[in-house]
Amino acid sequence: MTDWINVILQGVLVGGLYAMFAAGLSLIFGVMRLVNIAHGDLIVLAAYLALVATQTLGIGPLVSLLIVVPLMAAIGYALQRFILNRTLGEDLLPPLLVTFGLSVIIQNGLLALFTADDRKLDAGALEVATVRLVEGVYVGLLPLLQFAVAVAVIAALQFVFYRTALGRAFRATADSPQVAQLMGLDNRHVFALAMALSLAVVAIAGVFLAIRADFDPSIGPARLIFGFEAVIIGGLGSLWGTFAGGLVLGVAQAIGAHINPGWQILAGHIAFLVILAIRPEGLFTKGRA
Amino acid sequence: MSVRVTFASRSSRIGLALCAIGFVALAAAPAWGGRDDLQLLAQIYSYVALASLWNLLAGYAGLVSVGQQAYVGLGAYLLFAFGIFGGVPLLAAIPLAGLIAAAVAVPIAALVFRLRGHYFAIGTWIVAEVFRLTASQVSVLGGGSGTSLPASLIIAIAPSRQLRDFIEYWVALALVVAVLLLIVLLLRSRYGLALKAIRDSELAATCNGVDVIRTKILVYIVTAGATAMIGAFIFLQRLRISPDAAFSVNDWTAFVIFITVIGGIGRIEGPIVGTIVFFALRQTLADLGTVYLLMLGAVAIAIMLAAPKGIWGVVVARLGWQIFPLERRVIAESSPSHSTAVKA
Amino acid sequence: MSEPSASAPLLAVRELDAYYGDFQALFGLSMEVRAGEAVAVIGANGAGKSTLLKSIAGLLRSRPDAITFAGEPIGGLPAHAVAARGVALVPEGRALFPSLSVEENLLIGGQLKRPGPWTLSSIYELFPVLGERRAMQSTALSGGQQQMVAIARGLMANPKLLLCDEISLGLAPIVVRDIYARLPAILAAGIALVLVEQDVVQALKAVQRVYCLQEGRVALSGTAKDLTRDTIAAAYFGV
């Protein structure tokens, strides 16, 4: 029995990471109807930036967040302002194809710079510390921390969206870009800020990913897919719904892995397809994809 | 005054004539080409076919799929399965694989059509991943490392290697011609008119009685079946299959998308032009490895931002050419000698 | 109503052309509005009234010198830059932000934080019913209340020029009268006003001057007092 509790617990904890993958994705789609195919590769890019930061500056991975987060946010702003803004419009092919091209560029750029070798960030003692929740149930301190950070990130995003002028600007521009302009909001700037925020979240997710497991330039697309699945399982339009979707995905994968290690990812896909078949609007909303 | 609809135009007549000449030359390739030439040409044909089918789906039906590799791999695995376990001659297994894949596409369509736009795209990718992961679990076909075609099946195609090469080459040529013919006929039919209407405005099309969903599903299923046949052929020629190769996003989707974007989406000539450019680049730059892919990505982005209609799109805009007669022209005839034409 | 300024006009439109793709909607249109003045722009459907307002607000780009505001050519500026200079448009059909509450719609109207008499509290004084419903989703209000939100949202920007596009559209006469009853208070603060209306009667009572558009051109202009009903009808319908 504790066996299964551990499995589900692990699933929930990794689900927090998936929720972070998903949050950035869902934010962008909410504000400007853009799905960034390079999203997963940007997570990996953040991981490599953290790698460089820790190696050249001799700082710990968590400290590297102080560099990687602002850097990724700046990259996000520039990316949106100078490239992606030009793809927005009625036609969905341009943003899809440009972000697809971006994905290829990032993957191969990282491959050229860092080779395909597995890398990992070392968080030292933090990685092996465990916490005992109840009798027989132990949880790694790092996964717990990562889960807490995920909750904090989602809560922070909720706060920004619903209690700040910036969030109002995001929601208004998403409702009607034209009328938002009448309020003095420059859409190009608002969209770029949204992407900056998204990549800031991506940066946090990337650093935790790098600490948690081996990474190499090719693992981006899988992260995109996990984030995407979490968004669909949870349902569009709700950040906490996305968070819950991440947890469901994490648990589905954990159960699959427990039955047969080769089935881990497949189990996640199947959970996604089942939700898509039975309740396409997601588990936690009333909207439609 | 009477009205008739015609497809031909002066440039299309010239273009078709050139195509006919080209076709004869290519059909005779075994006479003038070596083994490497034939294999390269067969690869080119396969990519033209795959890109044309992707173009039909995305450029005409508006269904942007990033998961067509699902059907390439499915077709390939079905061929291997039928050949190795079903005792079906390999060449006959190609159309069979296409039919089965089309049937599989029906429930898949029921699933992925619940998503729209960008989400549809990623949904198709996930389906392909499910196929890939499932294939890795099928141990009788080699599981994760894959398997090879037994020599007996290959020899059954033809006794000599040279004759096999010729036959495989003609099969490749026949497949791409069949695919292009299929697309042209589809677009000239009322389904084609429906697709054009849907592309211009789905809402208006629905109001005019076009069954949008049914048309899209039809195109999706037909494309899936045809893509599977191409996939079956590709791996027949390769003699070996593995899940990563059969369901590779890079080979069967990224390259296909780049070809179509560079050549021009939504026009039949586009994928052909794109494939030629793609292979020209590949022959000259392939040694650069990852840098080559990087450049491909950059070129695709640049084209999408600067010339979204691709190379052929620019040609059409500047010169108004079309090779395949597809634009409907309504000609009003007030007397036998007097007619004015309006293009649609 | 305050006296219009005797110096250069606040808003000067000179030989303005406007296009939607290949279709030309305005033909060399000229008009002006002085600081603190209230002007009506009337005309039948399709005469170009909304197009004129959209051009002034920057939603449609024009020749830079075709539109001058406070001495500066703004024809080529994007809408958010025009808004920053003190022009507020109350769009046709209200166009409230559905994802935002009433108060949030007002707050975003005041996004630019321009100084002036209009704040949340002074808005709620003018439109008490909005204060009662401040937390509701803006689209849950009645048509008349939504129109008040839209106008209030425009005022929150503390503009020098307020452009109102058919604020009486789709509203019952009694509601329209209620809304127009607030205009004097709005004008008292010194704002210039352009009212585009199909309901000529209400508009004429509220303004000093009138422009009548017909097929993208000014067919008639003059003071509201001097123009008789018949002249207006003639210009309106192009008789």
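Visitor: How are residues, chains and ligands labelled, and what pLDDT do local features need?
Guide: Residues are numbered from 1 along each chain as its sequence is written, while chains are lettered from A and ligands numbered from 1 in the order in which they are written. Because the model is predicted, side-chain atom pairs count only at pLDDT 80 or more, totals for chains, interfaces and linings use all residues, and local features need pLDDT of at least 70.

Visitor: Of the two pairs of chains in contact, which share the most contacts?
Guide: Two residues are in contact if their C-beta atoms, placed from the backbone, lie within 7 Å. Chain B and chain C have no contact, and their closest C-alpha atoms lie 17 Å apart. Of the two pairs in contact, the one sharing the most contacts is chains A and B.

Visitor: Which element gives the most to the side of chain A that touches chain B?
Guide: Here 30 residues of chain A are in contact with 34 residues of chain B. Helices and strands are DSSP runs numbered from the N terminus, with helices (H or I) of at least four residues and strands (E) of at least two. Helix H4 (93–114), helix H9 (220–234) and helix H11 (264–278) of chain A each give two or more residues to this side. The element that gives the most, with 14 residues, is H4(A).

Visitor: How many residues of chain A are in contact with chain C?
Guide: On the side of chain C, helix H2 (79–84) and helix H3 (102–109) each supply at least two residues that touch chain A. By class, that side has 16 nonpolar, four polar and one charged residues; Ala, Val, Leu, Ile, Met, Phe, Trp, Tyr, Cys and Pro count as nonpolar, Asp, Glu, Lys and Arg as charged, and the others, Gly among them, as polar. The 21 residues of chain C found here are in contact with residues of chain A numbering 15.

Visitor: Is B:Ile257 buried or exposed?
Guide: A residue is buried if 20 or more other C-beta atoms lie within 10 Å of its own, exposed if 12 or fewer, and partly exposed in between, with C-beta atoms placed from the backbone. B:Ile257 is in helix H13 (residues 249–263) of chain B, and, not counting residues up to four places away in sequence, B:Ile257 touches A:Leu97, A:Phe100 and B:Trp54. Because B:Ile257 has 27 C-beta neighbours inside 10 Å, it counts as buried.

Visitor: How far apart are the end C-alpha atoms of helix H4 of chain B?
Guide: The expected span of a helix is 1.5 Å times one less than its number of residues. Helix H4 (residues 69–86) of chain B has 18 residues, so it should span 26 Å. Of those 18 residues, 14 are buried.

Visitor: At which residue does the kink in H5(B) lie?
Guide: Helix H5 (residues 90–112) of chain B reaches 31 Å from its first C-alpha to its last, close to the 33 Å expected. The bend at a residue is the angle between axes fitted to the seven residues ending there and the seven starting there. Shortly before the proline B:Pro107, H5(B) has a kink of about 30 degrees, at B:Val106.

Visitor: Which strands are the edge strands of the open sheet in chain C?
Guide: Two strands pair if DSSP finds at least two bridges between them. The open sheet has four strands in the order S2-S1-S4-S5, with antiparallel pairing. Strand S1 (residues 11–20) and strand S4 (residues 67–69) of chain C pair over three bridges. The edge strands, each pairing on one side only, are S2 (23–33) and S5 (72–73) of chain C.

Visitor: Is C:Lys113 buried or exposed?
Guide: C:Lys113 is in the loop between H3 and helix H4 (120–126) of chain C. Phi of C:Lys113 is near 55 degrees, a positive value in a residue other than glycine. Because C:Lys113 has 11 other C-beta atoms within 10 Å, it is exposed.
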